[in-house]
Amino acid sequence: MRTLDRYIIRSFLYTALLFFIIIISLRVVIDLNFNLDEFLKGNASGADKFHNIASYYLYQIPAYVIELGGILIVASAAFTLARMNHSNELTAILASGVSLRRVILPIFLFAVLLDVAIICDQEYLIPSIAYKMVRSRDELPGE
């Protein structure tokens, strides 16, 4: 693996991690905004309600990854190439004789690996925690 490949992969994975944090956080905040009243039903203490909210969304994140995984991968790839173009790195790479296909190849390979991770999430992780994902928002854990 060449230095250029490592740089492109590092840039792509950094962007994918950043988009993952932003998109999942945005999804959680929007869902919490619409359903906060359901979480606050009942007479549990504030700490129990906070624990309920945290545990509910912790188990919902794998489902959100499946919903938003494709957008995450495409946006990360596009943003990585756009950033490289904006800082004239892509121009310098192409001017040195490296083909655009060679530049895109590491991004494509790691996009496929991220897609495989999303499929593993769907096929192995979600079925193992499905019983915790189906509880309602006002149901406290352990009820």
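**Exercise 1. The nonpolar patch**

Find which helix gives the most residues to the nonpolar patch on the surface of this predicted model, and how many.

Solution. 
- Step 1. List the members: Leu94, Leu100, Ile104, Leu105, Phe108, Leu109, Val112 and Val116 form the patch.
- Step 2. Assign them to elements. H4 is the main contributor, with 7 residues; helix H4 spans 100-133.
- Step 3. Take the area. Together the patch residues have about 650 Å² of accessible area.
- Step 4. Check one member. Leu105 is found in helix H4. Its relative accessible area is 39%, so Leu105 is partly exposed.

**Exercise 2. A salt bridge between helices**

Determine which parts of the chain the salt bridge between Asp5 and Arg102 ties together, and state whether Asp5 is buried or exposed.

Solution. 
- Step 1. Take the distance. The closest N and O atoms of Asp5 and Arg102 are 2.8 Å apart, and the cut-off for a salt bridge is 4 Å.
- Step 2. Because Asp5 belongs to helix H1 and Arg102 to helix H4, the pair ties together parts that are 97 residues apart in sequence.
- Step 3. Compare with the cut-off. Buried means under 20% relative accessible area; Asp5 has 8% and therefore counts as buried. Arg102, with 25%, is partly exposed.

**Exercise 3. A network around Arg27**

Work out which residues are linked with Arg27 in a network of salt bridges.

Solution. 
- Step 1. Start within helix H1. Arg27 and Asp31 form a salt bridge with an N to O distance of 3.8 Å. Both residues lie in H1, 4 residues apart, about one turn of the helix.
- Step 2. Look for another partner. Glu67 also bridges to Arg27, with the closest N and O atoms 3.3 Å apart. This pair links distant parts of the chain, Glu67 being in helix H2 and Arg27 in helix H1, 40 residues apart.
- Step 3. Join the pairs. Arg27, Asp31 and Glu67 make up the network.
- Step 4. Asp31 is buried at 9%, while Arg27 is partly exposed at 25% and Glu67 is partly exposed at 46%.

**Exercise 4. The largest pocket**

Describe the lining of the largest pocket by element and by residue class.

Solution. 
- Step 1. Note the volume, about 230 Å³.
- Step 2. Count the lining. There are 14 residues, and Ala16, Phe20, Val65, Leu72 and Leu114 lie nearest the centre.
- Step 3. Sort by element. H1, H2 and H4 each give two or more residues, with the largest share, 6 residues, from H1.
- Step 4. Sort by class. The lining holds 13 nonpolar residues, 1 polar and no charged.

Technical notes
Residues are numbered from 1 along each chain as its sequence is written. This is a predicted model: local features need pLDDT of at least 70, side-chain atom pairs count only at pLDDT 80 or more; totals for chains, interfaces and linings use all residues. Side-chain values use heavy atoms; hydrogens and water are left out. On a 1 Å grid over the protein atoms alone, a cavity is a set of points where a 1.4 Å probe fits but cannot get out, and a pocket is an open set with protein on both sides within 12 Å along at least five of seven lines; lining residues have an atom within 4 Å of a point. Grid points are joined across faces, edges and corners, and a volume is the space filled by probe spheres set on the points. Ala, Val, Leu, Ile, Met, Phe, Trp, Tyr, Cys and Pro count as nonpolar, Asp, Glu, Lys and Arg as charged, and the others, Gly among them, as polar. Patches are made of residues with over 30% relative accessible area and no salt bridge: like charges are joined within 9 Å, nonpolar side chains (Val, Leu, Ile, Met, Phe, Trp, Tyr) within 5 Å. Accessible areas come from the Shrake-Rupley method with a 1.4 Å probe; for residues, only the protein chains shown count as cover. A salt bridge is a side-chain nitrogen of Lys or Arg within 4 Å of a carboxyl oxygen of Asp or Glu. Buried means under 20% relative accessible area, exposed over 50%, partly exposed in between (1.4 Å probe, protein chains only).
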